[in-house]
Amino acid sequence: MTFVLDARYLGPAPSGIGNYVRALVDRLPIAAPSDQFRFWAHPGASVPLSRAPNTSQRIVTAPANGLRTLLWPSVLDRLEPDDVVHFPSNILGPGLPCAAVVTIHDVMWLDHPEYIEPHPLFRMVRRSFFGSGIRRALRQASRILTVSHASAD
């Protein structure tokens with residue numbers, strides 16, 4: 001089986017989601033040595049992301065939280081029906097030919113977008129973008145992971 005992990009948060013800027021992704025990259029290939037792991041890497045990431053023999057990586061230039069990821073995730077890489085793809089940053093796009101796992105860190109874009117975006121016009125656009133991706137994830141993902149009980153609730 002091939003697991004595809006969107007590891008683009010392992011870019012040049014540190015982040016909480018990046019720390020989460022780093023833990024997955026470091027641990028999953030060791031935990032499942034008979035499976036294959038392909039990591040979608042940020043163009044600015046240090047390479048290779050992993051030295052485990054059951055890993056490979058693909059540079060994906062589209063932003064993790066960009067339009068291609070939300071609207072056309074199937075153009076980012078060749079995904080097979082037996083693959084499992086993991087999006088670790090709240091959103092899921094349509095049209096995937098395989099199972100999808102999404103980690104929901106929070107739903108502030110649904111409940112309190114004003115906490116994240118102070119400008120009303122940008123808030124409206126970003127709330128629509130993230131809201132559609134989060135709602136799709138909640139409806140269509142094969143599995144939902146959360147990082148806290150508050151997110152799970």
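Author: Helices (H or I, at least four residues) and strands (E, at least two) are DSSP runs, numbered from the N terminus. Arg38 is found in strand β2, residues 36-41. This is a predicted model, in which local features need pLDDT of at least 70 and side-chain atom pairs count only at pLDDT 80 or more, while totals for chains, interfaces and linings use all residues. Residues are numbered from 1 along each chain as its sequence is written, and side-chain values use heavy atoms, with hydrogens and water left out.

Reader: Why is Arg38 called buried?

Author: Buried means under 20% relative accessible area, exposed over 50%, partly exposed in between (1.4 Å probe, protein chains only). Arg38 has a relative accessible area of 17%, so Arg38 is buried.

Reader: What makes the pairing of the side chains of Arg38 and Asp77 a polar contact?

Author: A polar contact is a pair of N or O atoms within 3.5 Å; within protein, one must be able to donate a hydrogen and the other to accept it, and residues adjacent in sequence count only if both atoms are side-chain atoms. The contact between the side chains of Arg38 and Asp77 is at 2.7 Å. A polar atom of the Arg38 side chain also lies 3.1 Å from the backbone oxygen of Arg78.

Reader: Why is the pair of Trp109 and Phe130 called stacked?

Author: Rings of Phe, Tyr and Trp (its six-membered ring) pair if their centres lie within 6.5 Å; planes under 30 degrees apart count as stacked, over 60 as edge-to-face and the rest as tilted. The ring centres of Trp109 and Phe130 are 5.0 Å apart and the planes are at 10°, so the pair is stacked. The pair links helix α3, which holds Trp109, to helix α4, which holds Phe130, 21 residues apart.

Reader: How do you know that Trp109 and Phe130 are buried?

Author: Trp109 counts as buried because its relative accessibility is 6%. Phe130 counts as buried because its value is 10%. Trp109, Phe129 and Phe130 form one aromatic cluster.

Reader: What makes a set of residues a nonpolar core, and which residues have the most contacts inside the largest one?

Author: A nonpolar core is a set of buried Ala, Val, Leu, Ile, Met, Phe, Trp, Tyr and Cys residues joined through side-chain atoms within 4.5 Å. The largest has 23 residues, and those with the most contacts inside it are Trp40, Val85, Phe87, Leu92, Leu96, Val102 and Ile134. Its largest share, four residues, comes from α4.
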